[in-house]
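Thanks for coming. I have one structure today, and I will go from the whole chain down to a single residue.

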Amino acid sequence: MNAPSLPLRVALVEDDPPLRDATMQTLALEGAEVAAFPDARAALAALDANFPGVVVSDVRMPGIDGIAFFARLREIDPDLPVILTTGHGDVAMAVAAMKNGAADFLTKPFASADLIRAVRAANERRALALENRRLREEAGR
């Protein structure tokens with residue numbers, strides 16, 4: 001598969017409205033279809049194991065924080081790529097998130113190019129995971 005031909009689908013979870021809008025715009029300029037959510041609860045209601053994209057989530061949010069949200073997404077589908085972002089992150093948090101399977105971890109403020117690179121790489125992995133799942137189902141396994 002050629003990465004540029006893959007549709008970019010992103011579920012963006014960010015509680016800060018101006019940052020959510022700016023990130024949506026950055027992703028849209030790259031041709032991404034973005035579904036934005038103000039908190040993890042709203043995103044969990046909309047996402048399932050068949051979501052054909054990538055989740056980008058803030059870590060520090062009211063209610064369910066990004067780490068707990070990530071854990072719930074892993075229960076829904078361990079192959080769902082999650083990119084965590086935070087303005088308050090530290091190296092230990094990033095290492096723990098990556099060891100637990102996060103697709104990437106970006107510290108705010110992050111460069112748009114870093115976000116796009118992370119989303120494209122995670123999106124490619126997601127497309128392959130869903131294709132493998134489909135093929136296994138067709139094979140009757």
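The radius of gyration I will quote is taken over C-alpha atoms, and the globule rule is 2.2 Å times the number of residues to the power 0.38. Please keep in mind that this is a predicted model.

With 141 residues, that rule puts a compact globule near 14 Å, and the protein has 15 Å, which agrees. Along its principal axes, the C-alpha trace spans about 45 × 30 × 30 Å.

Next, the secondary structure. There are 5 helices and 5 strands, and along the sequence they follow the pattern β-α-β-α-β-α-β-α-β-α. Of the contacts between residues at least 6 apart in sequence, 63% join residues at least 24 apart.

On to burial and surface. Buried residues account for 40% of the 141. The accessible surface is about 7400 Å², and carbon and sulfur atoms hold 53% of that. As for charge, I count 16 positive and 20 negative side chains, with the centres of the two sets 5 Å apart.

Is D104 buried or exposed? Its relative accessibility is 15%, and buried means under 20%, so D104 counts as buried.

What does D104 touch, leaving aside neighbours within four places in sequence? The contacts are V82, I83, L84, M98, R117 and A118. With R117 there is also a side-chain to side-chain polar contact of 3.4 Å. A94, 10 residues from D104 in sequence, is 8.4 Å away, C-alpha to C-alpha.

Technical notes. Residues are numbered from 1 along each chain as its sequence is written. This is a predicted model: local features need pLDDT of at least 70, side-chain atom pairs count only at pLDDT 80 or more; totals for chains, interfaces and linings use all residues. Side-chain values use heavy atoms; hydrogens and water are left out. Helices (H or I, at least four residues) and strands (E, at least two) are DSSP runs, numbered from the N terminus. Buried means under 20% relative accessible area, exposed over 50%, partly exposed in between (1.4 Å probe, protein chains only). Contact means heavy atoms within 4.5 Å. Accessible areas come from the Shrake-Rupley method with a 1.4 Å probe; for residues, only the protein chains shown count as cover. Lys and Arg count as positive and Asp and Glu as negative; His and the chain ends are not counted. The place of a charge is taken as NZ of Lys, CZ of Arg, CG of Asp or CD of Glu. A polar contact is a pair of N or O atoms within 3.5 Å; within protein, one must be able to donate a hydrogen and the other to accept it, and residues adjacent in sequence count only if both atoms are side-chain atoms.
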